[in-house]
Amino acid sequence: MKRARRQRKPAKKHVVEAEVWDEEVEEESSETAAYEPEPDETGWTTSTAKMAGVSRLVRVGVWALVASGPVLGMLAFLGSSGPAQGVTKPVAAATPASPVGPAGFAELFVSAYLQAGQGSERDLAPYYSGSVALAVKPGTRTATQSTVIASREVQPGYWSVTVAADVTAHDDKGKSKRLGVQYFRVGIQATGPAGADGAEQGPATAGYAATSLPAQVAAPTALKPGGLAYGTDRGASSADPSVETARGFLAAYLTGTTELDRYTSPGTRLQAISPAPYAAVKVTGVQDDLSGSGQQKVPADGTVLHQLVQIDATDQAGSPVALSYALTLKSRAGRWEVASVDDAPAIRASSPPSAAPPTTTTPSPDAATASPSPSNS
């Protein structure tokens, strides 16, 4: 009897497990109910329903891992791509403000200011909204040419601009007299997009306004350039192969009378000026950076030579025009060839410009006939 009770307990467990896993278990026949597996040595017993439940549990676990794989991978990626502790994030470089808009506005303002006079003050309204009362007659002065030589942002959106103007004076009789280059500084406030003045805020369209009338200022300090890198003077010797190459190249470059390829290195993309601006070219002096008193023999292939060539070019009207060209030559197959027309003459390293000596101003004809000032002696 005790054994029969033991056999019924596993049968109840079988039914409960089947209900948990939604298994449809039919009623056991009397023969099946009478059979129960013998317990093993450890005391554990197994059944078909229990094994099905375990298999179902394993399958659910596997599918759960498969479904969570992308999520776990994304979390791992985000964790690895985050900034490391102690590493400073790079700071975006500030966009430099553009002086183009304020500079152009200041140049227009100075030209209008020089032209304006008594009764035409309203011509300055587009540039300066302050009260203006001019005593000079309109048109007494004009700027025949002007350009901006300095522009500095003193505050965000506020610029100090210096304009150089070639000023001509006009008298009542219609005569004109060139007064020379004069310099005017003006403050310009700007607003708008970054392309206008560098300001990120403000309206979408640019706007400018002068904060005062122009102030005439002194000319910039004249400078003497640093030493050039051409230490050897070749003169205009026709016996020097490098000088002959420079002469032939510049004649072809400026007059178009010969083919440029005869004097250039393979692969260069130099083109002659078209239409040709000059009818003839004469070399007046050549300096280079190779040592030695003469270069009668072309050195080994690949040798580089830098030249500064002075020429007198005769224009189509027959007038001579002095020009200077910085050239780079290379040796190949026993001859010199022009490799490039350089952007600027080469200067020696660590050779900054210095203050130029004061120049003597030639008195104007009016000054020569003027009455001398009284002497204090």
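The model is predicted: local features need pLDDT of at least 70, side-chain atom pairs count only at pLDDT 80 or more, and totals for chains, interfaces and linings use all residues. Residues are numbered from 1 along each chain as its sequence is written, and side-chain values use heavy atoms, with hydrogens and water left out.

**What to look for**

A salt bridge here is a side-chain nitrogen of Lys or Arg within 4 Å of a carboxyl oxygen of Asp or Glu. The whole structure holds 6 of them.

**Stop one: D288 and R234**

Select D288 and R234. Their side chains form a salt bridge, with 2.5 Å from N to O. The two sit in distant parts of the chain, 54 residues apart. Find D288 in strand β8 (residues 278–288) and R234 in strand β7 (residues 232–235). Strands are DSSP runs of E, at least two residues, numbered from the N terminus.

Are these residues buried or exposed? D288 is buried, at 0% relative accessible area. R234 also counts as buried, at 7%. Buried means under 20% relative accessible area, exposed over 50%, and partly exposed in between (1.4 Å probe, protein chains only).

Now select E337. This residue is buried, with a relative accessible area of 1%. R332 is partly exposed, at 38%.

R335 is partly exposed, at 34%.

Show R332, R335 and E337 together. They are linked in a network of salt bridges.

Technical notes. Helix = DSSP H or I, 4+ residues; strand = E, 2+ residues; numbered from the N terminus.
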